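Visitor: Hi! Could you show me the structure and talk me through how its helices pack?

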Amino acid sequence: MARPRYLTLPIIIVLFVIGYLYYATVFVVIDEWLGLTTAAGLTNAFLFSFVAVMAVATYGIAIFRDPGRVPFSYMPDIEDSESPIHEIKRKGGDLRYCQKCSTYKPPRAHHCRVCKRCVLRMDHHCVWINNCVGHANYKIFFVFVLYAVTACIHSMALLVGSATDLLHKDQQSGASSKTSYIICGVLLFPLTVALGILLGWHVYLILQNKTTIEYHEGVRAMWLAEKAGNIYRHPYDIGAYENLSMVLGPNIFCWICPSSKHIGSGLRFRTSYDPHAASPK
C-alpha cells in the first residue's frame, strides 16, 4: 500500500515561510520601494508571484507524487543482452534481494526505512516533503529547488535594494515594516545559502548521473578500486548532456517544467556499457 501523504510539522513550516516571504516581498518591500501601481513594481510583483506559484505547485507535486515502487512481478533477467550489468550484493555476489519487501531490487533501487518499501532510483528520504525523492519525483523535486532558489535570490535583491534606497534617502519606515524587513532578512539569508548549496549539489549529481546514495557508494568503490590498482567509473555516467537529458528530458525547453513523461519505468537505465544509445525502458 502507498504511504499516506499528510501535513507534517516540516511541511507546515515550509508553507508558513513561503507565505510570509511572499507577503513581505510583495506587500512590504515592493510596495514601499517601487509601489504596486508603477510599471517596475507590477513587473517585479508579477515575476516574483509567477516563480512563487511554480515553487508551491512543484512542492505540492513532490509531496504527493509516488517516488516509484518496484512491481511485485519484477524479476531480473541475467540473460538479457540489453542489460550488460547487474547490481549485486557486496557480500556473496548474489542479485540484490530485499528481505523486507520480499522482492528483487531493480538497478538503483533501495529500501527506505521510513516509507517501509523499496523505491526506484532512490536519492534520499526528505522530511521537508514527507516523502522519498526517487525515480518518479526526482525531476519535480529538482525543479522545486530551482524555483525556490530563484525566488529567494529575487526577494533578496529586492530587500537589499529597498533597504539601500531607504538609507540613501534617510527615510524611516514604520515599525511594522521595519520588523518585516528584519524577519525577511533573517529568513532569506540562510535559506538562500542552504537552497543554493542543495541546488548546486543536485546539479553536480545530475551531470554525473548519480543519486545521493550512489555518490556515497561511489566514494567507497573508488577507494577499493584504487587499492586494487584499478580505475572506478560510475556505470550510469553516459556524458553530461545525455545525463541531463535522462533526468530533465530530451527537450531543453521543458527542463524547468514540472513534467516527467520521459523517465520510463525505472527498471532499467542506460549505462556506459550499452552497445548502443537507446532510450530507457
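Guide: Happy to! The axes of H1 and H3 come within 9 Å of each other and cross at roughly 40°; axes are lines fitted to C-alpha atoms, over the stretch in contact, with angles from 0 to 180 degrees between N-to-C directions. This is a predicted model, where local features need pLDDT of at least 70, side-chain atom pairs count only at pLDDT 80 or more, and totals for chains, interfaces and linings use all residues. Residues are numbered from 1 along each chain as its sequence is written, and side-chain values use heavy atoms, leaving out hydrogens and water.

Visitor: Which residues in H1 and H3 meet?

Guide: From H1, Thr 25, Val 29, Ile 30 and Trp 33 meet Ser 155, Leu 158, Leu 159, Gly 161, Ser 162 and Asp 165 in H3. Contact means heavy atoms within 4.5 Å.

Visitor: New topic: which residues touch the most others in the largest nonpolar core?

Guide: Tyr 59, Ile 129, Leu 188, Ile 206 and Leu 248 do, out of 48 residues. A nonpolar core joins buried Ala, Val, Leu, Ile, Met, Phe, Trp, Tyr and Cys residues through side-chain atoms within 4.5 Å; buried means under 20% relative accessible area with a 1.4 Å probe, protein chains only.

Visitor: And which helix gives the largest share of this core?

Guide: H3, with 16 residues.

Visitor: What does Ile 206 contact, leaving aside neighbours within four places in sequence?

Guide: Tyr 138, Phe 142, Asn 243, Leu 244, Val 247 and Leu 248.

How values were computed: Buried < 20%, exposed > 50% of the residue type's maximum accessible area, 1.4 Å probe, protein only. Helix = DSSP H or I, 4+ residues; strand = E, 2+ residues; numbered from the N terminus.
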